[in-house]
Amino acid sequence: TLRAVQRRRALRRGHRRRVQEPDQGRALAPQGSQPGRRGRAVQPRRLARGRRHGVTDHEEAAVWYRKAAEQGIAEAQYRLSLRYHQGPGVPRDLAQSFAWCRRAADQGHPQAEFHLGFCYAQGAGVPEDEADAFAWFHKAALQGLA
């Protein structure tokens with residue numbers, strides 16, 4: 001079937017993400033994208049870094065991160081939180097940064113868990129709380145991030 005062929009192709013290319021049905025990936029495909037790639041989910045890290053579809057500016061990268069983050073992709077949620085924390089492409093907003101990072105950490109994203117520990121330790125976007133900081137650092141460490 002078409003889906004089995006797509007899976008085999010994705011595995012050959014080294015992609016481990018689940019191959020989506022042909023109509024599910026279109027929401028993130030920019031105009032003029034390659035037709036053979038529209039059935040897969042957009043990889044937000046590559047897209048936002050400009051390696052695909054010619055996206056090179058920070059504002060447009062933030063737009064694509066947001067679209068992927070709203071679909072529940074933990075990596076995109078974490079990357080969007082970093083953008084809000086540091087300010088490239090979006091206005092610097094620590095509360096938004098914390099909110100997006102929390103969504104990613106709730107899905108078990110280790111870097112997001114570490115970043116939440118940092119937010120609690122420094123009081124970035126939330127009141128400073130050493131106990132919560134330790135808890136999030138510990139969760140990240142249990143996943144190998146130390």
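The accessible surface of the protein, in this predicted model, comes to about 8700 Å², and carbon and sulfur atoms account for 48% of that area. Of the 146 residues in the protein, 40% are buried. The protein contains seven helices and zero strands, so that its elements, read from the N terminus, follow the order α-α-α-α-α-α-α. Among contacts between residues at least 6 apart in sequence, 38% join residues at least 24 apart.

The confidence of the prediction was considered next. The mean pLDDT of the protein is 78, and a value of 70 or more is reached by 67% of the residues. Over residues 16-27 the pLDDT is below 50, although the model gives this stretch 23 contacts beyond near neighbours in sequence. Residues 29-40 likewise have a pLDDT under 50, and 17 contacts beyond four places in sequence are found for them in the model.

Helix H4 covers residues 74-86. With 13 residues at 1.5 Å a residue, H4 should span 18 Å, and this agrees with the distance of 18 Å between its end C-alpha atoms. Twelve of the 13 residues of H4 are buried, so the helix is mostly covered. The buried residues of H4 include Ala-74, Ala-76, Tyr-78, Leu-80, Leu-82 and Tyr-84, but also Glu-75, Arg-79, Arg-83 and His-85. After H4 comes Gly-87, which has a positive phi, near 100°.

In soluble globular proteins, nonpolar side chains tend to be buried together. In the present model, the largest nonpolar core has 15 residues, and Tyr-78, Phe-98, Ala-112, Leu-116 and Tyr-120 are those with the most contacts inside it. Two or more residues of this core come from each of H4, helix H5 (94-106), helix H6 (110-122) and helix H7 (130-142). Another core lies apart from this one; it has ten residues, including Tyr-65, Ala-68, Ala-69 and Trp-100. When residues up to four places away in sequence are not counted, Tyr-78 touches Cys-101, Ala-104, His-109, Gln-111, Ala-112 and His-115.

Charged side chains were examined as well. Side chains of opposite charge can pair when their charged atoms come close. The structure holds three salt bridges. One of them joins Glu-75 and Arg-79, with 2.8 Å from N to O. These two residues are separated by about one helical turn, because they stand four residues apart in helix H4. Glu-75 counts as buried because its relative accessibility is 18%, which is under the 20% limit. Arg-79, with a relative accessible area of 19%, is therefore also buried.

A salt bridge is also formed by the side chains of Glu-70 and Arg-66, at 3.8 Å from N to O. Both residues lie in helix H3 (residues 58-70), four residues apart, or about one turn of the helix. Glu-70 counts as exposed because its relative accessibility is 54%, whereas Arg-66, at 26%, counts as partly exposed.

In the salt bridge between Arg-102 and Asp-106, the closest N and O atoms are 3.2 Å apart. Arg-102 and Asp-106 are four residues apart in helix H5, and so are separated by about one helical turn. The relative accessibility of Arg-102 is 31%, which makes this residue partly exposed. Asp-106 has a relative accessible area of 52% and is therefore exposed.

Definitions and conventions
Residues are numbered from 1 along each chain as its sequence is written. This is a predicted model: local features need pLDDT of at least 70, side-chain atom pairs count only at pLDDT 80 or more; totals for chains, interfaces and linings use all residues. Side-chain values use heavy atoms; hydrogens and water are left out. The expected span of a helix is 1.5 Å times one less than its number of residues. Buried means under 20% relative accessible area, exposed over 50%, partly exposed in between (1.4 Å probe, protein chains only). A nonpolar core is a set of buried Ala, Val, Leu, Ile, Met, Phe, Trp, Tyr and Cys residues joined through side-chain atoms within 4.5 Å. Contact means heavy atoms within 4.5 Å. Accessible areas come from the Shrake-Rupley method with a 1.4 Å probe; for residues, only the protein chains shown count as cover. pLDDT is the predictor's confidence in each residue, from 0 to 100. A salt bridge is a side-chain nitrogen of Lys or Arg within 4 Å of a carboxyl oxygen of Asp or Glu.
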